[in-house]
Amino acid sequence: MLDGDITVGSYCPEKITDPVAIALMDKVSVVEDPALTALFPRHLANRVSVTLVCGEHIVSEMITGPGSVETPMTDGDFERKFRRMAMPHIDASAQAEVLGFVAGLEKQTRFQPLFKAMAVS
């Protein structure tokens, strides 16, 4: 809710110890809805309900999403997610090496090139 998206940076110490984040966490409760749980494992359903200061109640529910049985992630989805997660750690050329290695994973006989590409300098 604070970042607009969940990234690796969302979990950095500065973010999770931010007084604004802590104040928001103090207002959050997690409650299981057995009807949504019953949809698992076919669906990984979630619902978020927010009550604004003005009293307005907003609900967003997702029964299925990218990476689910119904909507599997495409190669492009995986690449975008990998690059977003890897960006703070390895440069674009190393990311390309990793992606190239993984694209032909079934043909690989050694993993040293993968480890080398993923090494953080």
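This is a predicted model: local features need pLDDT of at least 70, side-chain atom pairs count only at pLDDT 80 or more; totals for chains, interfaces and linings use all residues.
How many aromatic pairs does the count come to in this structure? The count comes to 2, where rings of Phe, Tyr and Trp (its six-membered ring) pair if their centres lie within 6.5 Å, with planes under 30 degrees apart called stacked, over 60 edge-to-face and the rest tilted.

Residues are numbered from 1 along each chain as its sequence is written, and side-chain values use heavy atoms, leaving out hydrogens and water. The mean pLDDT of the protein is 91.

Select Phe101 and Phe111. Their rings form a tilted pair, 5.8 Å centre to centre with 55 degrees between the planes. Phe101 is buried, at 7% relative accessible area, whereas Phe111 is partly exposed, at 38% (buried is under 20%, exposed over 50%, partly exposed in between, with a 1.4 Å probe and protein chains only).

Next, select Arg47 and Asp33. Their side chains meet in a salt bridge of 2.8 Å, N to O; the term requires a side-chain nitrogen of Lys or Arg within 4 Å of a carboxyl oxygen of Asp or Glu. Glu61 is partly exposed, with a relative accessible area of 42%.

Finally, select Arg83 and Glu79, whose side chains form a salt bridge of 2.9 Å, N to O.

Note on methods: pLDDT is the predictor's confidence in each residue, from 0 to 100.
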